[in-house]
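Hi,

Here is the structure I promised to pass on. Have a look first, and my notes follow below.

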Amino acid sequence: MRYSGLKVIKEALTGHKGWRPTWRNPEPKARYDVVIIGGGGHGLATAYYLAKNHGITNIAVVEKGWIGGGNVGRNTTIVRSNYLLDGNGPFYEMSLKLWEGLEQDFNYNAMVSQRGILNLVHSDAQRDAARRRGNAMILNGSGAELLDAKGVRAMYPFLNFDSARFPIKGGLLHRRGGTVRHDAVAWGYARGADLRGVDIIQNCEVTGFRIENGKCLGVETSKGFIGASKVASCVAGSSSRVMEKAGMRLPIESHVLQAFVTEGLKPVLDGVITFGAGHFYCSQSDKGGLVFGGDLDGYNSYAQRGNLPVFEDVVEGGMALIPALGRVRVLRSWGGIVDMSMDGSPFIDKTHIDGLYFNGGWCYGGFKATPASGWCYAHLLATGQPHDVATDFRLDRFRHGGMIDEKGQGAQPNLH
Ligand SMILES: Cc1cc2nc3c(=O)[nH]c(=O)nc-3n(C[C@H](O)[C@H](O)[C@H](O)COP(=O)(O)OP(=O)(O)OC[C@H]3O[C@@H](n4cnc5c(N)ncnc54)[C@H](O)[C@@H]3O)c2cc1C
């Protein structure tokens, strides 16, 4: 079913009886060309681009829960292309360009809103670092503007300029960054893949791999064995647990990241702001709630829920930046498990097992990567070669010193 303005009008006039389920609910076949494990944003985008770009449609996306129940539906919806290093910059710029045309491409309203992201700076050294990053962004075609304190005050007069613990000295403005309605991204890709013949199999957990003579023959699941020529893992926060079943130990730790939403307010914040002196970032949703988040839990965990100490830390940062936040009530909070790699950058690669592929290590920033990740993973699966913008996302990069360490934190995942 194609969506259009005319269809909406027709359905409005005829009692909304003509809408059909957005994707089928098939039982798994015995065998597929490609089985993708994980029906998050990345898995669904991979299926979509495999079908659309490469004509491979005999695909199953096997999801243990439901579409949109993982991090793709838990994140704070920010998309951006503000990277410094060569290994990352062109990849995220490609992703942002795909976001810019995504709704027309998959004919689904994902509320792509390029409302601008402002990274605040609070010291001269931080301004120098922002200038350097901004120059890299301009070279990558992402665009960047360095604002002084006056420029920031003109945009957001309610920030704490006058009695601030961390005075605001300016900010790096990325006008093309913004937000996208996160679960609509999963639904849009799911619908686009389903229309092309991809089987999306929900409530089906992958419990193991069938590997013989160094070749992966398929996956064991809660609905039985599913054979496949290629198996593509794409399970984000569950990466270590799933790949362990294939005998692999990954350079990834899992940590919980929390998000928070306040009661609805009149429009006060038309862009995204990030605090430069603590862990706090904020935007306002279309329903009016302030959506904010902050730091990871420092300890490793697979628990998909948050806790109070991190909440206090995040709110402390928020109050230092926007004192008026203290008057607003928080309505909801939740946690998601993020797959933190040792250098803060991702993997899109073959494994040492023939026919088994891996996509993960997206840390707390994989939502913005969804289109390019799907595009590049599909390219790798279809052609056997890494895509030009993803050549550095290799599993063996730590062995030969090819880290992509944007923050210079070394092998301390909780700090990336
Ligand atoms: C609170 C929070 C805020 C965030 N904010 C942002 C942000 O603002 N911007 C940004 O770019 N990124 C953000 N992220 C990160 C981003 O959400 C993730 O990096 C990204 O969504 C991960 O990819 P995914 O969508 O494919 O993951 P998921 O949606 O988690 O998909 C993985 C899927 O695999 C399934 N799965 C796991 N194990 C199995 C199994 N054994 N068998 C079958 N299926 C399985 C899971 O159920 C899940 O549905 C945030 C994350 C969190 C938690």
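A word on terms first: Ala, Val, Leu, Ile, Met, Phe, Trp, Tyr, Cys and Pro count as nonpolar, Asp, Glu, Lys and Arg as charged, and the others, Gly among them, as polar. This is a predicted model, so local features need pLDDT of at least 70 and side-chain atom pairs pLDDT 80 or more, while totals for chains, interfaces and linings use all residues. Residues are numbered from 1 along each chain as its sequence is written, and side-chain values use heavy atoms, without hydrogens or water.

The lining (residues with an atom within 4 Å of a point) has 27 residues, with Arg181, His182, Ser285, Lys287 and Arg332 nearest the centre. By type, that lining divides into 13 polar, eight charged and six nonpolar. Strand 12 (252-264; strands are DSSP E runs of at least two residues) gives the largest share, four residues.

Helix 6 (helices are DSSP H or I runs of at least four residues) supplies at least two lining residues. The axes of helix 6 (182-195) and helix 2 (41-54), lines fitted to C-alpha atoms over the stretch in contact, come within 8 Å and cross at roughly 30°. That makes helix 2 roughly parallel to helix 6 (angles under 35 degrees). In contact there (heavy atoms within 4.5 Å) are, among others, Leu44 and Tyr48 of helix 2 and Tyr189 of helix 6. The contact residues comprise nine nonpolar, two polar and no charged.

Cheers

Technical notes: Axes are lines fitted to C-alpha atoms, for helices over the stretch in contact, and angles run from 0 to 180 degrees between N-to-C directions. Angles under 35 degrees count as roughly parallel, over 145 as roughly antiparallel, 65 to 115 as roughly perpendicular and the rest as oblique. On a 1 Å grid over the protein atoms alone, a cavity is a set of points where a 1.4 Å probe fits but cannot get out, and a pocket is an open set with protein on both sides within 12 Å along at least five of seven lines; lining residues have an atom within 4 Å of a point.
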